[in-house]
Amino acid sequence: MKIHEYQAKELLATYKVQVQPGLVAYSPSQAVDIANKVTHEGPWVVKAQVHAGGRGKAGGVKFCKTTQEVKEAAEKMMSKPLVTHQTGPDGVDVTKLLVVKAVDIAHELYCALVLDRKTSSIVIMASREGGMEIEEVAEKTPDKIFKICVDPAMGHSAYQSRILAYDLGLPKELHAQFETMIQGMTKLFIEKDCSLVEINPLAITTDNQLMALDAKVTIDDNALFRHFDIKELFDPSQEDPIDLEAAKWNLNYIHLDGNIGCMVNGAGLAMATMDMIKMAGGEPANFLDVGGGASSDMVREAFKILISDKKVKGIFVNIFGGIMKCDVLAKGIVEAVTQVGLKIPLVVRLEGTNVEQGRKLLNDSKLNIFATSDMGEAATLIVKKVME
Ligand code: ADP
Ligand code: MG
């Protein structure tokens, strides 16, 4: 789960990482009130709060000298979706802004913690070349990024951050601050089951302080059950409404770019189905695993989700009734098609428990459904239908 910069900074502050106090505004006039609250005199920085990086280059971070400029920047940011290289072409709506005092920056460093599955350890990465060009640094001059592995069972030791401080060429008077910060970031990473803790830029200010000017924290979804405080930080406005609906019904849904909607039970069969569609010359519009024991309610809702995607020109239901019974599935499909109507072709491949009852339900419904028991034949048929 991703959280916003302001939330990440609040978390980091509780782990003794230096951040700037800032408040969140929900409107341009509130942004001005907050600007006056955080400091009597500018300049300020107004920052769009979205779950994507690359805001600076896309107009989502604005330096403002006066409160009038704060107001104008806020109005502009909130007026349209923000499109960065991480958002996709539609961008994301900006409903929250962080307003902070502008810091006098002497240098921008980069510092991040990620999980290295190969070595089963946490990797601390740091570079002198922080700021908005870090992707380019990683690609063209990866030797400028220093790395240290931390065993999650042992936690961080002071000597590790000292090595990094020397690698980065930090002045001696900043070593203690750097160590406290790395220790805090590592503790946060371990205690909150993070998959990413990133500070970029980590500024060295002109008065020789280390300060996190941006922060990204991602928490492993599988660990959310033991972090109620973090779960509360979830912001549904940053998610695709279709993904939210799918999660509500416990459906495993991933949106893709093709035009054939797939409904399958079991991840392996779902992958095989997508392969078969591709082999037949088509493109799947999604991965959707309704799970082994789906109810007819879940099947109905899954169906509605597929239809709600305007790019879907045909639907392929591929179910092997093992735990799930074919008649339960057929009932769900008939209910869904009757409720929402269906103007696009639907091919159903059914096999397994109660397959005869299932086929009978589909046939008796008099709905325009092509039912078959052969998977290859079904894939070829749906591809042919969407191309007609
Ligand atoms: P993003 O990573 O999404 O582009 P950042 O928060 O890193 O957004 O901001 C982009 C750039 O804006 C930073 O690299 C820094 O130069 C500048 N910046 C951000 N916050 C401040 C601040 N409080 N004071 C001064 N400059 C800032
Ligand atoms: Mg940044």
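Student: Hi! How far is a polar side-chain atom of Asp-214 from an oxygen atom of ligand 1?
Tutor: Hi there! That distance is 3.0 Å, and bear in mind that this is a predicted model.

Student: How much of ligand 1 does the protein cover?
Tutor: On its own, ligand 1 has 540 Å² of accessible area, and the protein covers 89% of that.

Student: Nice. Which residues are closest to ligand 1?
Tutor: Lys-47, Arg-55, Gly-56, Val-103 and Glu-108 are the closest of the 19 residues that surround ligand 1. A side-chain N or O atom of Arg-55 sits 2.8 Å from an oxygen atom of the ligand; for Glu-108 the corresponding distance is 2.5 Å.

Student: Okay, on to the metal. What coordinates the magnesium ion?
Tutor: Asn-200 (O) and Asp-214 (OD) do, at 2.2 Å. Asn-200 belongs to strand β8, while Asp-214 is in the loop between β9 and β10, so the pair ties together parts 14 residues apart in sequence.

Student: And is Asp-214 buried or exposed?
Tutor: Buried: its relative accessibility is 16%, and the cut-off is under 20%. Asn-200 is buried too, at 10%.

Student: Switching topic, where is Arg-300?
Tutor: You'll find Arg-300 in helix α10, which spans residues 296-308. Arg-300 is buried, with a relative accessible area of 13%.

Student: What does Arg-300 touch, leaving aside neighbours within four places in sequence?
Tutor: Its contacts are Trp-249, Gly-332, Glu-335, Ala-336 and Gln-339.

Student: Last one: how is the chain divided into domains?
Tutor: Domain 1 is 1-19 + 104-238, domain 2 is 21-102 and domain 3 is 241-387. Between the C-alpha centres of domain 1 and domain 3 there are 43 Å.

Notes. Residues are numbered from 1 along each chain as its sequence is written. Chains are lettered from A and ligands numbered from 1 in the order in which they are written. This is a predicted model: local features need pLDDT of at least 70, side-chain atom pairs count only at pLDDT 80 or more; totals for chains, interfaces and linings use all residues. Side-chain values use heavy atoms; hydrogens and water are left out. Helices (H or I, at least four residues) and strands (E, at least two) are DSSP runs, numbered from the N terminus. Buried means under 20% relative accessible area, exposed over 50%, partly exposed in between (1.4 Å probe, protein chains only). Contact means heavy atoms within 4.5 Å. Domain bounds come from an automatic or database domain assignment. Donors are N, O and S atoms within 2.8 Å of the metal (3.2 Å for Na, K and Ca); water is not among the atoms, so sites may look incomplete. A residue is near a molecule or strand if one of its heavy atoms lies within 4 Å of it. A polar contact is a pair of N or O atoms within 3.5 Å; within protein, one must be able to donate a hydrogen and the other to accept it, and residues adjacent in sequence count only if both atoms are side-chain atoms. Accessible areas come from the Shrake-Rupley method with a 1.4 Å probe; for residues, only the protein chains shown count as cover.
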